[in-house]
Amino acid sequence: MSVIHAYTEMVDRAAPASIGLPIAAIKSALTMIARRTACLVAHVQHMWAMRLVTRFSAHRLRDIGFERDWDGSLIRADGGPVSACNCQ
């Protein structure tokens, strides 16, 4: 058996290390982190906006599509949900 034949046989049996798998896992993790961060930012912005809106008078609330519930909380005039973020 020659040296070249032995080398070719060893190279054929060795499985090449795939660099695509770790890169795909890192991309997936970064995508998940970016989505969660965007959801968190949207939630905080929504809370700040709703804190400002709660100070509005009943007349101004009706103008922008909200009304006060019996306990003072805000509800949408059309009955839809008040929250803006649908993240889980």
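The structure, a predicted model, holds zero aromatic pairs. An aromatic ring does, however, take part in another arrangement: arginine 60 lies over the face of phenylalanine 56, at 4.9 Å from the ring centre.

The chain contains three helices and two strands. Read from the N terminus on, these elements follow the order α-α-α-β-β.

The average pLDDT of the chain is 78, and 67% of the residues score at least 70.

| Element | Residues | Mean pLDDT |
|---|---|---|
| Helix 1, the lowest | residues 3-13 | 55 |
| Helix 2, the highest | residues 20-53 | 89 |

Where pLDDT is low, the predicted coordinates should not be read in detail.

Glycine 72 illustrates the part of the chain that holds the strands. This residue is found in the loop between strand 1 (66-68) and strand 2 (74-76). Glycine 72 and threonine 54 stand 18 residues apart along the chain, and their C-alpha atoms are separated by 8.9 Å.

For the chain as a whole, 8% of the 88 residues count as buried. The accessible surface comes to about 7,600 Å², and carbon and sulfur atoms account for 64% of this area. Among contacts in the chain with a separation of 6 or more, 22% join residues 24 or more positions apart.

Technical notes
Residues are numbered from 1 along each chain as its sequence is written. This is a predicted model: local features need pLDDT of at least 70, side-chain atom pairs count only at pLDDT 80 or more; totals for chains, interfaces and linings use all residues. Side-chain values use heavy atoms; hydrogens and water are left out. Rings of Phe, Tyr and Trp (its six-membered ring) pair if their centres lie within 6.5 Å; planes under 30 degrees apart count as stacked, over 60 as edge-to-face and the rest as tilted. A charge sits over a ring if NZ of Lys or CZ of Arg is within 6 Å of the ring centre and within 35 degrees of the ring normal. Helices (H or I, at least four residues) and strands (E, at least two) are DSSP runs, numbered from the N terminus. pLDDT is the predictor's confidence in each residue, from 0 to 100. Buried means under 20% relative accessible area, exposed over 50%, partly exposed in between (1.4 Å probe, protein chains only). Contact means heavy atoms within 4.5 Å. Accessible areas come from the Shrake-Rupley method with a 1.4 Å probe; for residues, only the protein chains shown count as cover.
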